[in-house]
Amino acid sequence: MVENNPDSLVEFGFRRVIITIIAVLCALLEIVDTTIVNVALNNMRGSLGATLTDVAWVITAYAIANVIVIPMTSWLSQQFGRRNYFATSIVIFTVASFLCGNASNIWELVAFRFLQGLGGGALLVTAQTIITESYPIAKRGMAQAIYGMGVIIGPTLGPPLGGYIVDHFSWPYIFYINIPIGIIATLLTLAFIKSPKYGEKLKASQVDWLGIVYLASFIGSLQYVLEHGQQDDWFNDSSIVALTIISFFGLIFFIQRELTYNYPIVNLRALNDSNLRVGTMMGFILGFGLYGSTFIVPIYTQSILKWSATDAGLLLIPSSITTGFMMPIVGKLLQRGVSQKYLVSLGFFIFFGFSIFMRHRLTPDTGAEHLFWPLILRGIGLGLLFVPITTLALSTLKGKNIGDGAAFTGMMRQLGGSFGIAIITTFISRFNQQHRVDLIAHLDPTKYNVQQRILQTQHAFMAKGFTYNESLKKAYQSLEFAVTKQSNVLSYMDIFMYLGILFLLCIPIMLFIKTGKNKIDISEAMH
């Protein structure tokens, strides 16, 4: 395959500013839409007459489409040309957003969300490629930092933005806001973005159709199992068992196909590079931490502390601003030759500190002021992880393998988030049951302090005008509520402790890394 000189894609001045804005905006659009619907599900359920299980598909369909298309972006860009593929993806995303807002029933909405996910997933890796190639080699660490700001801030921005729109307008507007941005981004893409020259395109008969089927069955089934496992009681549900089997065999057949076919849809041979293998694994854990903590903090504040969706989302904003502040600093450090090893190790250690800090700050009455500094620490940790992990994964790759590496890291970050949310949801439920049993075992009605607690609560209700028997019943209900709330808090404390241990265990892995050049020539073939 013939490629043009990578330097011809480097832009300067006003053009580079515009291209940077396009790339970050598109990445931000895609990621915001993964979380913006979370706070609107109840409104959707009411207006579309759907069950809670049905409406969960609004999230699942988008996520499945995302992870299916991300590994194929390198190949699709090559077939259709980078600029055309990127512009088409924006158009698909924008049109699907309009259709989502106009959906008349839940299954229409799910179908249009899947279409939106196909367009959106393509934006992530392609935007990363475009922004990186627009900068000279010496400034590519900074380019990754600018792109990273959109990726990190996106999941955090979704819930408060969605909460505000739902509170002040109606749920279709969470989709309609994409339309003017999508139109502007499409026009700017066609006017400013260049496409590398490629060699001969594949004929229809050479396309790896079987590879696409295996990839979709593996990734799609896995994503469904992760999204619905806990609510469907995991392997006690026949559909979860069936899809787990399909996912397993889909993976086996996919690997076999991609390693033997002459024109693979995903180039698995790029994983022969040890840095890419370590980088994709670290990217998986980064996704676990990023999406897991973005999920767990709002859930805790809303379910335990009874905050509104908007307030829960706003709590994460200072953390995102901190990450945004850290990104250019980390970019500068990489530019000056500081090893990715040390930055990633420090990032994992700070994330360990954040997890332990959060564990000790959680109570049934925790306020925003108690969570502010732990979340600032999270922002610093994410800033130290995102850019070094991405550059580390690609640092020893050459040629077309760099584009494949970018797709792998993007896919693994998304899958890490899915695994993180699935595992956290499951363990919160399991820990909650265990703590509840333990707490009830200590509530012996014959003990003096327990009797006094019930008596005091009963008298408080009697003072409000309730009868003796009504007050006694309410006193027991109050104690039951206190036990439930405390067992929930203890469950979240356990989750943060185990998250902290996971991040701490990642640090020794960094010792196995072969350090590549920090100033990566990503433009060679990030197609």
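Colleague: Hi! What kind of secondary structure does the protein have, helices or strands?

Modeller: Hello! In this predicted model, the protein has 19 helices and zero strands.

Colleague: And how many residues are there, and what share of them is buried?

Modeller: There are 527 residues in the protein, and 54% of them are buried.

Colleague: What share of the contacts joins residues at least 24 apart?

Modeller: Taking contacts between residues at least 6 apart in sequence, 83% join residues at least 24 apart.

Colleague: Let's turn to helix packing. How are two packed helices described?

Modeller: By the angle between their axes and the distance between the axes. Take helix H5 (residues 82–101) and helix H9 (residues 178–192): their axes are 9 Å apart, and the helices pack at an angle of about 165°.

Colleague: Is H5 roughly parallel or antiparallel to H9, then?

Modeller: Roughly antiparallel, because an angle over 145 degrees counts that way. The crossing of H5 and H9 is left-handed.

Colleague: Which residues in H5 and H9 meet?

Modeller: On the H5 side, they include Phe86, Ile90, Val91 and Phe98, while the H9 residues include Ile179, Ala185, Thr186 and Leu190. By class, this contact of H5 with H9 has 10 nonpolar, six polar and one charged residues.

Colleague: You mentioned Val91. Where does Val91 sit, and how accessible is it?

Modeller: Val91 lies in helix H5 and counts as partly exposed, at 37% relative accessibility. Val91 and Thr186 are 95 residues apart in sequence, yet their C-alpha atoms are 6.9 Å apart in space.

Colleague: How do the axes of H4 and H5 cross?

Modeller: Helix H4 covers residues 73–80, and the axes of H4 and H5 come within 6 Å, crossing at roughly 115°. That crossing is right-handed.

Colleague: Which residues make the H4 and H5 contact?

Modeller: Thr73, Leu76, Ser77 and Phe80 in H4 meet Arg82, Asn84 and Tyr85 in H5. Sorted by class, the contact has three nonpolar, three polar and one charged residues.

Colleague: New topic: where is Gly289, and is it buried or exposed?

Modeller: Gly289 is in helix H12. Gly289 has a relative accessible area of 4%, so it is buried.

Colleague: Which residues does Gly289 touch?

Modeller: Leaving out residues up to four places away in sequence, Gly289 touches Phe351 and Phe503. As for Phe348, it is 59 residues from Gly289 along the chain, and their C-alpha atoms are separated by 9.7 Å.

Colleague: And Ser345, is it buried or exposed?

Modeller: Ser345 has a relative accessible area of 16%, so it is buried. You'll find Ser345 in helix H15 (residues 340–361), and it touches Ile507 and Met510, again not counting residues up to four places away in sequence.

Colleague: One last thing, what is the phi of Lys306?

Modeller: Lys306 has a positive phi of about 60°, although it is not a glycine. Most residues other than glycine have a negative phi.

Colleague: Where is Lys306 placed?

Modeller: Look in the loop between helix H12 (274–303) and helix H13 (309–314). With a relative accessible area of 62%, Lys306 is exposed.

Technical notes
Residues are numbered from 1 along each chain as its sequence is written. This is a predicted model: local features need pLDDT of at least 70, side-chain atom pairs count only at pLDDT 80 or more; totals for chains, interfaces and linings use all residues. Side-chain values use heavy atoms; hydrogens and water are left out. Helices (H or I, at least four residues) and strands (E, at least two) are DSSP runs, numbered from the N terminus. Buried means under 20% relative accessible area, exposed over 50%, partly exposed in between (1.4 Å probe, protein chains only). Contact means heavy atoms within 4.5 Å. Axes are lines fitted to C-alpha atoms, for helices over the stretch in contact, and angles run from 0 to 180 degrees between N-to-C directions. Angles under 35 degrees count as roughly parallel, over 145 as roughly antiparallel, 65 to 115 as roughly perpendicular and the rest as oblique. A crossing is left-handed if the near helix is turned anticlockwise from the far one by less than a right angle, and right-handed if clockwise. Ala, Val, Leu, Ile, Met, Phe, Trp, Tyr, Cys and Pro count as nonpolar, Asp, Glu, Lys and Arg as charged, and the others, Gly among them, as polar.
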